Amino acid sequence: MRRALILPTVTILLLLGLCIANGLLLRQHTNRWSGMAAETARYARSERWPEARRELDALAADWDEAQSYLHIVVHHSTLGEVQTLLTRCRTLCDTGDSQALLPELAELQCQLDALDALERISIRNIL
């Protein structure tokens with residue numbers, strides 16, 4: 001009887017380990033992107049638009065690079081909201097209007113935090 005439980009137990013532990021590793025990887029991504037958005041906001045507040053645009057372009061490139069992974073592990077509507085905000089931020093950055101850009105960057109950071117929180121909730125539900 002004990003032998004029959006070994007394979008299912010190992011399988012469950014392996015899946016749990018993969019879920020936890022996925023959560024940690026997603027947290028690394030979201031923390032990095034949130035930091036990049038904060039850096040963009042810092043540049044925008046000081047009217048350093050070339051630096052703000054460069055940081056926002058780096059965030060967008062990093063975001064685009066992770067799309068295959070994200071579409072596997074995250075609900076698509078959540079990704080769409082972040083993508084829309086990122087596009088709006090890039091457009092507003094080109095206008096040089098910090099009054100319009102800063103709230104959008106704050107919302108982008110909130111959505112990135114929500115993305116991370118959704119994954120943590122999913123892991124808690126598994127445990």
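Residues are numbered from 1 along each chain as its sequence is written. In this predicted model, local features need pLDDT of at least 70, side-chain atom pairs count only at pLDDT 80 or more, and totals for chains, interfaces and linings use all residues, while side-chain values use heavy atoms, with hydrogens and water left out.

Me: How many helices and strands are there in the protein?
Reply: Helices (H or I, at least four residues) and strands (E, at least two) are DSSP runs, numbered from the N terminus. From that terminus on, the elements run α-α-α-α-α. The protein therefore has five helices and zero strands.

Me: What percentage of the residues in the protein is buried?
Reply: A residue is buried under 20% relative accessible area, exposed over 50%, and partly exposed in between (1.4 Å probe, protein chains only). The protein has 127 residues, and the buried share of them is 35%.

Me: Within what arc do the buried residues of H2 fall?
Reply: The buried residues of H2 are Trp49, Ala52, Glu55, Leu56, Leu59, Ala60, Asp62 and Trp63. An α-helix has 3.6 residues a turn, so residues three or four places apart point the same way. Taking the directions from the helix axis to the C-beta atoms, the buried residues of H2 line one face, within an arc of 165°.

Me: Which exposed residues does the face of H2 turned away from its buried side carry?
Reply: The buried side includes Trp49 and Trp63. The face turned away from that side carries Pro50, Arg54 and Glu65.

Me: Is Glu47 buried, partly exposed or exposed?
Reply: Glu47 lies in the loop between helix H1 (2–45) and H2. Its phi is near 60°, a positive value in a residue other than glycine. Because its relative accessibility is 46%, Glu47 counts as partly exposed.

Me: Which residues does His29 touch, not counting residues up to four places away in sequence?
Reply: His29 is found in helix H1. With a relative accessible area of 13%, His29 is buried. Contact means heavy atoms within 4.5 Å, and the residues that His29 touches beyond four places in sequence are Ala66 and Tyr69.
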